[in-house]
Amino acid sequence: MGMVAADRIFKILRTESQIEDLGTLNPDKIDGGISIKNLRFSYITGEEVLHGINLEIKPGEKIAVVGATGAGKSTIINLLSRFYEFDEGSILLDKNSIKDFSLNGLRKHIGIVLQDVFLFADTIYNNITLYDTDIDEEDVYYAAKEIGVHDFILSLPGGYQYNVKERGVMLSSGQRQLISFLRVYLSNPSILILDEATSNLDTERND
Ligand SMILES: Nc1ncnc2c1ncn2[C@@H]1O[C@H](COP(=O)(O)OP(=O)(O)OP(=O)(O)O)[C@@H](O)[C@H]1O
Ligand SMILES: [Mg+2]
């Protein structure tokens with residue numbers, strides 16, 4: 001059984017990335033202007049998902065993309081983060097093609113809270129910091145208070161040391177989204193993308 005399992009793991013490790021990391025730009029800071037022009041993309045040849053999208057987002061601007069299910073909203077995020085390569089058109093970040101950035105140089109500026117949140121079988125604290133020792137404990141608490149999730153975490157047995165178990169099954173999906181939001185908020189990215197990040201949350205009135 002061990003041999004079979006090891007074989008499967010090695011197969012995954014041997015997988016070649018289809019995204020070529022040929023860009024060299026790796027700026028410490030970006031303004032965050034995004035310009036999408038005539039963007040076309042299909043996951044499967046012949047089944048086009050994006051049919052020539054145009055979108056201008058200025059630095060500092062907040063925008064919402066609204067559309068029917070399956071319209072291609074999450075796909076735009078996949079292309080901007082270069083999880084997939086687009087077929088036609090261009091995506092510029094600060095006037096440079098996203099392909100001119102190294103993958104790390106691009107992705108380190110982008111923080112995403114996905115539609116499906118993934119938490120590890122570990123404590124809430126480690127799920128937030130992902131073992132990044134540069135993150136101060138005080139910063140975690142401060143950010144949690146800002147987002148309004150600190151009191152909820154303290155109410156759990158062990159507080160920040162509460163183990164959420166495999167895939168975070170010990171939490172509701174709304175609670176998982178909040179933890180994942182906190183994780184991204186702490187990394188303070190120049191581009192913050194929320195893909196229906198609050199779809200499982202009810203509003204809480206404080207008045
Ligand atoms: N990995 C994939 N492989 C093949 N087709 C995909 C893949 N991901 C999405 N699609 C298809 O691409 C289209 C757009 O999907 P996308 O996830 O971008 O929609 P969405 O606008 O985010 O929808 P929702 O509001 O439900 O999240 C859909 O028709 C979907 O079936
Ligand atoms: Mg989506």
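Predicted model: local features only at pLDDT ≥ 70, side-chain atom pairs only at ≥ 80, totals over all residues.
Trainee: In what order do the 4 strands of the open sheet lie?

Mentor: Happy to start there! The edge strands are β2 (47-57) and β4 (96-97), and each pairs on one side only. The pairing is antiparallel, and the order is β2-β1-β3-β4.

Trainee: At about what angle to β1 does helix α2 run?

Mentor: Helix α2 covers residues 73-80 and lies across β1, β2 and β3 (88-93). Relative to β1, the helix runs at about 105°.

Trainee: Which residues lining the largest pocket are closest to its centre?

Mentor: This pocket has a volume of about 900 Å³. Its lining has 25 residues, and β1, β2, α2 and β6 (191-194) each give two or more of them. By class, the lining has 15 nonpolar, 3 polar and 7 charged residues. Closest to the centre are K62, I63, L192, I193 and L194.

Trainee: Good, now the second largest pocket: which element gives the most to its lining?

Mentor: That pocket holds about 470 Å³ of space and is lined by 23 residues. Domain 1 (34-108) and domain 2 (124-194) each provide at least three lining residues. At least two come from each of α3 (103-107), β5 (110-113), α4 (124-129) and α7 (173-187). With 5 residues, the element that gives the most is α7.

Definitions and conventions:
Residues numbered from 1 in each chain as written. Chains lettered and ligands numbered in written order. Heavy atoms only, no water. Pairing = 2+ DSSP bridges. Contact = heavy atoms within 4.5 Å. Axes fitted to C-alpha atoms, helices over the stretch in contact; angles between N-to-C directions. 1 Å grid on protein atoms, 1.4 Å probe; cavity = no way out; pocket = protein on both sides within 12 Å on 5 of 7 lines; lining within 4 Å. Points joined across faces, edges and corners; volume = space filled by probe spheres on them. Nonpolar A, V, L, I, M, F, W, Y, C, P; charged D, E, K, R; others polar. Domains from an automatic or database assignment.
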